[in-house]
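The sequence and the structure come next, followed by an account organised by topic.

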Amino acid sequence: MTSSEMSAIASSLLLPLGSTCGKSPSFTPPQSILVDKFRRLVVKVESSETRECTTAMFNANSRRNFLGLALGVSGLFIGSMDASGAGLPPEEKPKLCDETCEKELENVPMVTTGSGLQYKDIKVGQGPSPPIGFQVAANYVAMVPSGQIFDSSLEKGQFYIFRVGSGQVIPGLDEGILSMKVGGKRRLYIPGSLAFPKGLTSAPGRPRVAPSSPVIFDVSLEYIPGLEVDEE
């Protein structure tokens, strides 16, 4: 075998390295006693390339399968969250007057004052009434006429403390609390003229209060800090 023939054979062995998977390296083996050796060499190259291609294809398929599985699981997870969320009842907000109280309130007489304020006593307190200018600690649940709550001290988890009769709150709330006694609960039907002249903007889960529109307040007079100190 001449040197040129050997170079041609060596060059043909390099071709399969750049070929695609599944294609066999092609060259014409020389008719000589070295054909068997080159066949064994070609078989070795084919086997190595096949293993590499198989591994690459397996890795690619594995990545695709894993990605598909991950997307499927995440889709099921999100779907289950949406389904469970859709079936949940709306959050029940704390109130001063529950369903039993509402039924009893139907039989309570309405009181109307000279300003147009109306109220019903849910429970008449046994303590003192607050003098004008004294601080009071109260709970309240503020609603629009439809019953939707737009503000509540119960949701904030603390009493609302203010000086009664000094204009720190809307006139209807001031007037309504002044005639209450400590320990009492009352529903105030406040006309627009005694409510919010500029209205209140809406918020997530809370209705808008139109300017000078009527509102309803359930209030409980918890204690009168200054008055209790003076009595001691």
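## Aspartate 121 and arginine 186

In this predicted model, aspartate 121 is partly exposed, with a relative accessible area of 26%. Its side chain meets that of arginine 186 in a salt bridge, with 2.7 Å from N to O. Because aspartate 121 belongs to strand β2 and arginine 186 to strand β6, the pair ties together parts of the chain that are 65 residues apart in sequence. Arginine 186, at 4% relative accessibility, counts as buried.

## Other salt bridges

The count of salt bridges in the model comes to five. One of them joins arginine 187 to glutamate 102, whose closest N and O atoms are 2.7 Å apart. Arginine 187 lies in strand β6 and glutamate 102 in helix α3, which spans residues 99–105, so this pair ties together parts that are 85 residues apart in sequence. The accessibility of the two partners is given separately: arginine 187 is buried, with a relative accessible area of 8%, whereas glutamate 102 counts as partly exposed at 32%.

Aspartate 151 forms a salt bridge with lysine 156, and here the closest N and O atoms are 3.2 Å apart. Aspartate 151 is partly exposed, with a relative accessible area of 24%, while lysine 156 counts as exposed at 53%.

## A buried lysine without a salt bridge

Which side chain of opposite charge is nearest to lysine 120? Lysine 120, found in strand β2 (residues 118–123), is buried yet has no salt bridge, and the nearest side chain of opposite charge is that of glutamate 106, 8.1 Å away. The cut-off for a salt bridge is 4 Å between a side-chain nitrogen of Lys or Arg and a carboxyl oxygen of Asp or Glu.

A polar atom of the lysine 120 side chain does lie 3.1 Å from the backbone oxygen of leucine 105. With neighbours within four places in sequence left aside, lysine 120 is in contact with Leu105, Glu106, Val108, Pro109, Met110, Arg186, Arg187 and Tyr189. Two residues of that list, Arg186 and Arg187, take part in salt bridges described above, Arg186 with aspartate 121 and Arg187 with glutamate 102.

## Aromatic pairs

The structure holds six aromatic pairs. In one of them, phenylalanine 150 and phenylalanine 196 are arranged edge-to-face, at 6.0 Å centre to centre and with 80 degrees between the planes. This pair links distant parts of the chain, as phenylalanine 150 is in strand β4 (residues 149–152) and phenylalanine 196 is in the loop between β6 (185–190) and β7 (215–223), 46 residues apart. Both phenylalanine 150 and phenylalanine 196 are buried.

Ring pairs also connect these two phenylalanines with Tyr140, Tyr160, Phe162 and Phe217 in a cluster.

Helix α5 (residues 171–178) has as its buried residues Gly172, Leu173, Asp174, Gly176 and Ile177. What covers these buried residues includes strands β3 (135–143), β5 (160–163), β6 and β7.

Glycine 125 is placed in the loop between β2 and β3, and at 7% relative accessibility glycine 125 counts as buried. Neighbours within four places in sequence aside, glycine 125 is in contact with Lys181, Val182, Gly183 and Gly184. Glycine 125 and serine 220 are 95 residues apart in sequence, and their C-alpha atoms are 9.1 Å apart in space. Serine 212, by contrast, is in the loop between β6 and β7 and is partly exposed, with a relative accessible area of 42%. Phi of serine 212 is near 55 degrees, a positive value in a residue other than glycine.

## The chain as a whole

The protein has six helices and seven strands, and from the N terminus on these elements run α-α-α-β-β-β-β-α-β-α-β-β-α. Of its 232 residues, 28% count as buried. Among contacts with a separation of 6 or more, 66% are accounted for by residues 24 or more positions apart.

Notes
Residues numbered from 1 in each chain as written. Predicted model: local features only at pLDDT ≥ 70, side-chain atom pairs only at ≥ 80, totals over all residues. Heavy atoms only, no water. Phe/Tyr/Trp six-rings, centres within 6.5 Å; stacked < 30°, edge-to-face > 60°. Helix = DSSP H or I, 4+ residues; strand = E, 2+ residues; numbered from the N terminus. Buried < 20%, exposed > 50% of the residue type's maximum accessible area, 1.4 Å probe, protein only. Lys, Arg positive; Asp, Glu negative; His and termini not counted. Polar contact = N/O pair within 3.5 Å; in protein donor to acceptor, adjacent residues only side chain to side chain. Contact = heavy atoms within 4.5 Å.
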